[in-house]
Amino acid sequence: MKRYLCSIIIGMVVILSIGTYYVKVASSASSLPKYTFKTLEGSDKELDPVIINASLQNGSNFYEPLTIESNTTTYASERSYLENLTGRQDHLIERLVKEHRSFMRGKDSISSLYEDDDFLAYAWVNSKYTKSGNMEAKFDIGLLEKKDEEETSFQIELPNQERIMNADVRDVQLVHSKLQVLTMNDVNSNNEKQTKEVHLYTIDVANKKVLSDKTLVSETYTDPNQVDFEMPIDVAPSQPNNMVFISVNKGVNHEDGFEEKLKESKLLSYNYETEKLETVKKGSLSLDMARSGYADGKNLYAVEMKSGKYRVKTFDLSSQKLTSDTELDIAANKEEQYTAAFKNGRVYFLLNGMNQVGKMNKPAKLLIADIKTGKTLYKGETVINKKNSKSFQLYFDDLEIK
């Protein structure tokens, strides 16, 4: 009887502790300011798919992540213990987990996933260093046939792994029933030299083997010289895509910072179907626009500030030609940072109201417009429901569209 009584007491203590915790959390969250967007123009229904991830800060004394979704603020402390334990996930990952829970177990990198109407594929480099200092690396490969939920998963050694220090998966495609895995690799070099490479691995899933390891780009340099590879922000990750852009940025590290060698930097395009790697002509797409742009598999969108306005330039990836140059109905300010997203023919443009020293000096603005015409579908600005909100600073992290 004493044993059962002890268990009951422990259970009650645990329940009371959890209850007290959530009461305190709810009380704390209720005292924080709530941010919403006040509609200035258009329909507030356009806000339904918008997810804004941000954080509320008060110097070094307070930090609280928050999400503004469908125009409602939710703080991390208001979420369940399990939600905070797993951390914030990309909404695409959340959807895939709900639809294919078994296959998605342990898979949380959106750049390692590919999805079409029939298949869901995954490729990740699993690596570790041995006591001798060498790296052992294997591909974790998975393929799901959606129709019958048939899964194929296996590990296979990364080719030439003895010369690789790090391999980062940046894109996965399924082309002619073969998995194409694009990685950016840091490579062991002799003496003081450093080498970075872009590799394309072709994997036969049916026979569980690597068919080829193609080096698309290789750059070797010595300090203080530096080389970096960049790709446009993928606004449609995991979707089928025939072409990728890779910018090769060369420069020199000085005491005053990094100085780019513009004449030696270049922009490359690779077509998965034709297997052609080409240098993009500067006249069709500038290096700056490509590396700061947003790609969705068919188009690349570049944002520029011109004559006091923001403009969105749309480039067709296959023809590499400018198809539209649209002015947005929002005033440009060099002191303010912006975040953009592109989906369903719309541009979502968030101007965060920060000045150069990181202080929010005016409300953040959100514009939703038609990409081709520039027609404003929604325009709004943040409003706050607490009088003590001036002591807090709101910092925007990213913008997602469901």
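# Reading burial and contacts in a predicted model

Buried residues account for 43% of the 402 residues in the protein. The model is predicted.

Biologist: How many helices and strands does the protein have?

Modeller: The protein has five helices and 27 strands. Among contacts between residues at least 6 apart in sequence, 49% join residues at least 24 apart.

Biologist: Where do nonpolar side chains tend to be in soluble globular proteins?

Modeller: They tend to be buried together. In this model the largest nonpolar core has 23 residues, and F37, V50, I52, L56, L366 and L399 have the most contacts inside it. Strand 1 (35–42), strand 2, strand 3 (62–69), strand 24 (346–351), strand 25 (365–370) and strand 27 each give two or more residues to this core. A second, separate core has 22 residues, including M135, A137, I141 and I164.

Biologist: Which residues does I52 touch?

Modeller: Leaving out residues up to four places away in sequence, I52 touches F37, L66, T67, I68, L350, F396, D398 and L399.

Biologist: Which residues of helix 3 are buried?

Modeller: In helix 3 (residues 91–99) they are H91, L92, I93, L96 and V97. These buried residues pack against helix 4 (101–104) and against several strands, among them strand 2 (50–58), strand 6 (119–129) and strand 27 (393–401).

Biologist: Where is N241, and is N241 buried or exposed?

Modeller: N241 is in the loop between strand 14 (233–234) and strand 15 (243–254). N241 counts as buried because its relative accessibility is 13%. A polar atom of the N241 side chain lies 2.9 Å from the backbone oxygen of M243.

Biologist: Which residues are in contact with N241, apart from its neighbours within four places in sequence?

Modeller: They are Q173, Y272 and G297. With its own neighbours within four places left aside, Q173 is in contact with Y114, K178, L179, Q180, Q239, P240, N241 and Y272.

Key
Residues numbered from 1 in each chain as written. Predicted model: local features only at pLDDT ≥ 70, side-chain atom pairs only at ≥ 80, totals over all residues. Heavy atoms only, no water. Helix = DSSP H or I, 4+ residues; strand = E, 2+ residues; numbered from the N terminus. Buried < 20%, exposed > 50% of the residue type's maximum accessible area, 1.4 Å probe, protein only. Contact = heavy atoms within 4.5 Å. Polar contact = N/O pair within 3.5 Å; in protein donor to acceptor, adjacent residues only side chain to side chain. Core = buried A, V, L, I, M, F, W, Y, C linked by side-chain atoms within 4.5 Å.
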